Amino acid sequence: MTEEEFQRLCDFLYRRTGMLFGEAKRYYVERRITERMGATGATSFASYFARLRGDVRGEIEQFVNAFTVNETYFYREDHQLQCLTSDLLRERLKGKPRGEAVRIWSVPCSTGEEPYSIAIWLLENWPQVDSHDIEILGSDIDTGVLEAARAGVYGKRALMRLGPELIERYFEQIDDEHWRVLADLRGSVRFSPVNLVESAETRPNGRFDVIFCRNVLIYFDDASRRVAAENLYENLAPGGFICLGHSESMSRISPLFEVCRYADAIVYQRPLEAARG
Amino acid sequence: MADGDKKRVLVIDDASLVRLYYRDALERGGFQVDEALNGLEAFEKLTMDSPDLLVVDVNMPRMDGMTFLRLLRRQAGPIGSTPALVTSTEAGVQDMAAARAAGANFYLTKPVAQDTLALYAAMLCGIPA
Amino acid sequence: MGGDDGKVLAALTSGTNDQRWAAARAAGDIPGGVQALGRALSSEADPRLREAFFTSLMRARSLEAVDAVLPHLRSDDANLRTGALDALRGMAETAAPRLPILLSDQDADVRLLACEILRDLPSAEATPLLCRLLEREGQVNVCASAVEVLAEIGGPEALPALAACAARFPNEPFLVFSIKAASARIGGQPPEHG
């Protein structure tokens, strides 16, 4: 790959995803190009780049996958969980009427690591966890992963970031390789299917205080991103927060939200009052 | 000059070749340069850093330069008053007036020459001639 | 037109922010909605609502939707112009029949923005249009817009047009710079032009 080809690729990815690939990542980029050219049968950089530009068979996701953390596991990107208890919930409680539940949505939730992580984190790190009604909803378009999420059985890799005390406290070991989330905790998270691009499916879930929507919007095409962003906007209470994956940015997706920086994370907020142009 | 002493410019333009051209001019002029491709990304950058000057294009996807500027000027605190040099393909008096009304400190018509950019950047950053 | 449909269309220009928002999101799916959305944009000041209007038009993905968006490409309001461009780029294939006309529009700004729409077409379709523009375009900013897009999508067949354009504007340093950079990206040195 020539210097110019590298520049061209980097400019395209920066424009499309917001991800910056510089000289430091060049080796990894070249390696990924080689892998993907092999996988797609592209015989030249030019023909591969055309495929990438056209997002043929989701090639952008295939390419970028190698640079984002795709595996799901407990306490993944826990700096966002830290932000939740350090800042976001405090902000949300300021305006919240007495008795109104704190509602958190994990979408897509995949096999459940994320919503269960949220539950565990709150129990472990939020002193006010017993003073509030908390609803955690996990949703995904794939009903198969929802079944797995409800079952709540995980292997060692998924638990790798949890210390033995947490595993002891929230899981029961069922065999050498598997642990199951304890019934109480399983019961505290609800799971339901949703297609983020279908407002008829997203609207009934109501309004949330915080939405975790990580590593999915970046792969949608322009139209789907916007529709999903508008749906998520509707599902946020005014002043509510949405957290994206760490390589993602609303700057490539939608102007509906405002960026907020906290000590542990950058998040996006639905404004509190009606916008004035 | 140590990096810490350099004035910092955030170039906000969706054209990669424009950003490259401005970066070249500004770096040679002794500035430290960061980039954003639209008004939304610019706001993200502003949460992390306080540049001395913004160079703001008008026509950008997702959030244009005028909207960005109006929202910026509504922000409390020093960030809201960051000097902004607006660049635009529009050369009309009414466009310049609109930019001023949105909060521009200065306005240059594209294509902007490199020495023009460096000159006005220095002026807006308060660097003596 | 059903009573409910009529209510949705009426709500596009009246009612609270929430009501206009709901109407904007629903209007794309009802008869006459696309035209109503296009018209309502002219009087909608709220940028978040405009976003919803444009998204619905983009989702419609029809030539009617393209035609409803096009007038806003000419707007004096940068937010409407760029909103229109975003929407057209999101349905670039649908907008393709309108592009040759846009690329020769009287208004240089329209030509400039039209180049950007081509970015989202297959290179085989877009490159010839951009090269033709470069051969005859008189406005340096429009040329620069075409060059910027060619830097991403152009192949070696674009090199002669790029070189010819640079030769036409020897005293435009930014354009000369961009053409040089774009030509290098395409992977060739521009052929010498005497």
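Chain C contains 13 helices and 0 strands, where helices (H or I, at least four residues) and strands (E, at least two) are DSSP runs numbered from the N terminus. Read along the sequence, then, the pattern is α-α-α-α-α-α-α-α-α-α-α-α-α.

Before I go on, please keep in mind that this is a predicted model, in which local features need pLDDT of at least 70 and side-chain atom pairs count only at pLDDT 80 or more, while totals for chains, interfaces and linings use all residues. Residues are numbered from 1 along each chain as its sequence is written, and chains are lettered from A and ligands numbered from 1 in the order in which they are written.

On confidence, the model scores ipTM 0.94 and pTM 0.95. For chain C the mean pLDDT, the predictor's confidence in each residue on a scale from 0 to 100, is 94, and 95% of the residues of chain C reach 70 or more. Over residues 189-194 of chain C, however, the pLDDT is below 50, although this stretch has 13 contacts in the model beyond near neighbours in sequence; a contact here is a pair of residues whose C-beta atoms, placed from the backbone, lie within 7 Å.

Turning to the overall form, the C-alpha trace of chain C spans about 70 × 30 × 25 Å along its principal axes. Of its 194 residues, 56% count as buried, that is, with 20 or more other C-beta atoms, placed from the backbone, within 10 Å of their own. Among the contacts in chain C with a separation of 6 or more, 65% join residues 24 or more positions apart.

How is chain C divided into domains? Domain 1 covers 1-90 and domain 2 covers 98-194, with bounds from an automatic or database domain assignment, and their C-alpha centres lie 32 Å apart. Across the boundary, 8 residues of domain 1 of chain C are in contact with 8 residues of domain 2 of chain C. On the domain 1 side, the largest share, 4 residues, comes from helix H6 (residues 78-89) of chain C.

Methods: Contact = placed C-beta atoms within 7 Å. Buried ≥ 20, exposed ≤ 12 C-beta atoms within 10 Å, placed from the backbone.
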